[in-house]
Amino acid sequence: MVKKRKKLNLAPYLFIAPNFIGFLVFILIPVLVSLVVAFTDFNIFKGFADSKFVGLDNFIQMFSDGWFQAALKNNIIYTVVTIPIILGCSIIMATILNDKVYCRTAIRVMIFIPYISSVVAISVIWMLILNPSQGILNNFLRAIGIANPPGWLGDPQWALPSVIIVGIWMGLGYNTIIYMSGLQSVSRDLYEAAKIDGASGLQLFRFITVPMLRNTTFFLLITNIISSFQVFGQINIMTGGGPGTATTVLAHYIYLAGFRYHKMGYASAMAWFLLVILFLVTVFQWKIQRKHEDDM
């Protein structure tokens, strides 16, 4: 007796089709095309017909490009400064808010609002705050006796620190909420037992909270590194990468190379260089995390 073939149920495939098609058209295919473009002198006004294969020339050019070197340096500084401050402040705020705090819900909402707000709106507001002549911050500094406050976004020495401050302020809310979610899985019995043994609040934080949130910290570390190398919105709006190259970062320089100077091949090469950096950093962190877990 011949068995009847089961009818293929197309319903699940129809449900995932829109998302899959969107991923294919707007992510996968453009990424693969950019890899091809990275080895050419592609210009958006000339198209593929007039493009020439240049091999590794675009990748070699990066290491003799002063703007690229400045962008990479600024990006590393931005990452190294913002991430430790964001993670450190976030875990402290999450620990405080996890206990009984007055208006805890309202405080959670307030610290999360910057993360979900428009980057354009936030950048404009901070430009007004940091305005060297009429800004709220400099008016306050003059009021307390500082005659010559910094020029902030217009000063090459203060422009990048100003952007870093905004980046930290924007990232605190998300990281704090994630840490608070991680704290929900930490057993209260550990804290109660430690308190009975005479542990102080600082010891509870150091020997229980921080170790128990190790996986959460690892997740946030990776996501923050990736997002810090993709920072673009506030740079483009607040400083435009200036003054000079003071705040130029990789994502912004890739944008300039591709859409302002029409060097799409060079921009694609830088984008792939950035992808390789993030991939290697993530793999390195992953191996360290796995090695640490194996040693425990």
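**Close-up views of a predicted model**

**View 1. The second largest pocket holds about 480 Å³ of space.** Here a pocket is an open set of points on a 1 Å grid over the protein atoms alone, where a 1.4 Å probe fits, with protein on both sides within 12 Å along at least five of seven lines. Grid points are joined across faces, edges and corners, and the volume is the space filled by probe spheres set on the points. The model is predicted: local features need pLDDT of at least 70, side-chain atom pairs count only at pLDDT 80 or more, and totals for chains, interfaces and linings use all residues. Residues are numbered from 1 along each chain as its sequence is written, and side-chain values use heavy atoms, with hydrogens and water left out. The pocket is lined by 22 residues, a lining residue being one with an atom within 4 Å of a point. Tyr115, Gly167, Met170, Gly171 and Ser227 lie nearest the centre of this second largest pocket. At least two lining residues come from each of α3, α4 (104-116), α7 (159-183), α10 (214-228) and α11 (233-238), and α7 gives the largest share, five residues. Helices are DSSP runs (H or I, at least four residues), numbered from the N terminus. The lining has 10 nonpolar, 12 polar and no charged residues; Ala, Val, Leu, Ile, Met, Phe, Trp, Tyr, Cys and Pro count as nonpolar, Asp, Glu, Lys and Arg as charged, and the others, Gly among them, as polar.

**View 2. The largest pocket holds about 660 Å³ of space.** Of its 22 lining residues, Val31, Ser34, Ile254, Ala267 and Ala271 lie nearest the centre. Two or more lining residues come from each of α1 (11-37), α12 (250-260) and α13 (264-295). Helix α13 gives eight residues, the largest share. By class, the lining of the largest pocket has 18 nonpolar, four polar and no charged residues.

**View 3. Helix α3 (residues 66-98) packs against helix α9 (residues 201-212).** The angle is about 100 degrees and the axes are 12 Å apart, where axes are lines fitted to C-alpha atoms over the stretch in contact and angles run from 0 to 180 degrees between N-to-C directions. The helices α3 and α9 are therefore roughly perpendicular (65 to 115 degrees). Ile91, Ile92 and Thr95 of α3 meet Phe205, Thr209 and Val210 of α9, contact meaning heavy atoms within 4.5 Å.

**View 4. Phe39 and Phe59 form a tilted aromatic pair.** Their ring centres are 5.4 Å apart and their planes lie at 45 degrees; rings of Phe, Tyr and Trp (its six-membered ring) pair if their centres lie within 6.5 Å, and planes under 30 degrees apart count as stacked, over 60 as edge-to-face and the rest as tilted. Phe39 is in the loop between α1 and α2 (57-62), and Phe59 is in α2.

**View 5. The peptide bond from Gly242 to Pro243 is cis.** Its omega is near -5 degrees, and Pro243 sits in the loop between α11 and α12.

Key:
Angles under 35 degrees count as roughly parallel, over 145 as roughly antiparallel, 65 to 115 as roughly perpendicular and the rest as oblique.
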